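I open this notebook to record what I looked up in one model. The entries go from the sheet to the disulfide and then to the rings.

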Amino acid sequence: MEFIHDRSVFDKTIQGEQPVIIKFSGNWCPDCKRMDMFIGDILEEYNKFEWYEINRDELPEVAQEYEVMGIPSILIFQNGEKKAHLHSANAKTPEEVQEFLSASISK
């Protein structure tokens with residue numbers, strides 16, 4: 001998973017025709033650390049997609065614009081638009097993340 005640290009890189013990244021998956025997290029976030037323990041298997045399962053991570057505290061304006069109120073959150077973008085959003089309250093287990101991805105994009 002590649003980190004995005006700059007707004008212009010984020011804007012360019014979400015413009016593609018293929019869906020991209022962006023995880024919003026924070027260094028201080030215990031739920032983010034818990035997700036990090038299981039996200040590797042999900043990355044392998046959905047390896048045809050590009051995955052990125054944004055530290056919400058580095059780019060708060062992006063988080064605010066796309067209504068990322070809690071972390072970790074996973075958003076799917078395509079053609080510059082947010083297509084799906086897994087809010088932090090529903091991103092606690094691998095099953096919840098997999099269910100979200102299978103409902104939002106095909107492998």
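The entries below follow the order in which I looked things up.

**Basis.** I worked from a predicted model, in which local features need pLDDT of at least 70 and side-chain atom pairs count only at pLDDT 80 or more, while totals for chains, interfaces and linings use all residues. Residues are numbered from 1 along each chain as its sequence is written, and side-chain values use heavy atoms, with hydrogens and water left out.

**Sheet.** I took helices (H or I, at least four residues) and strands (E, at least two) as DSSP runs numbered from the N terminus, and I counted two strands as paired if DSSP finds at least two bridges between them. I found an open sheet of 5 strands with mixed pairing, in the order β1-β3-β2-β4-β5. Its edge strands, β1 (2-3) and β5 (81-86), each pair on one side only. I then followed β4 (residues 73-78), which runs antiparallel to β5 and is joined to β5 by 5 bridges. Ile 74 has Leu 86 in β5 as its bridge partner.

**Helices.** For angles I used axes fitted to C-alpha atoms, for helices over the stretch in contact, with values from 0 to 180 degrees between N-to-C directions; contact means heavy atoms within 4.5 Å. Helix α2 (residues 30-45) lies across β2 (20-25), β3 (50-55) and β4, at about 160 degrees to β2. Helix α4 (residues 94-104) lies across β2, β3, β4 and β5, at about 150 degrees to β5.

**Disulfide.** Cys 29 is joined to Cys 32, S to S 2.5 Å, and the link is right-handed, with 80 degrees about the S-S bond. I call a residue buried under 20% relative accessible area, exposed over 50% and partly exposed in between (1.4 Å probe, protein chains only). Cys 29 counts as buried because its relative accessibility is 3%, and Cys 32 because its value is 2%.

**Glu 53.** I looked up this residue in strand β3 and noted that Glu 53 is buried, at 9% relative accessible area. Leaving aside neighbours within four places in sequence, its contacts include Met 1, Phe 3 and Lys 23.

**Rings.** I paired rings of Phe, Tyr and Trp (its six-membered ring) with centres within 6.5 Å, calling planes under 30 degrees apart stacked, over 60 edge-to-face and the rest tilted. The whole structure gave 4 aromatic pairs. Tyr 46 and Phe 49 are tilted, because their planes stand at 35 degrees, with centres 6.4 Å apart.

Terms used
A disulfide is a pair of cysteine sulfur atoms within 2.5 Å.
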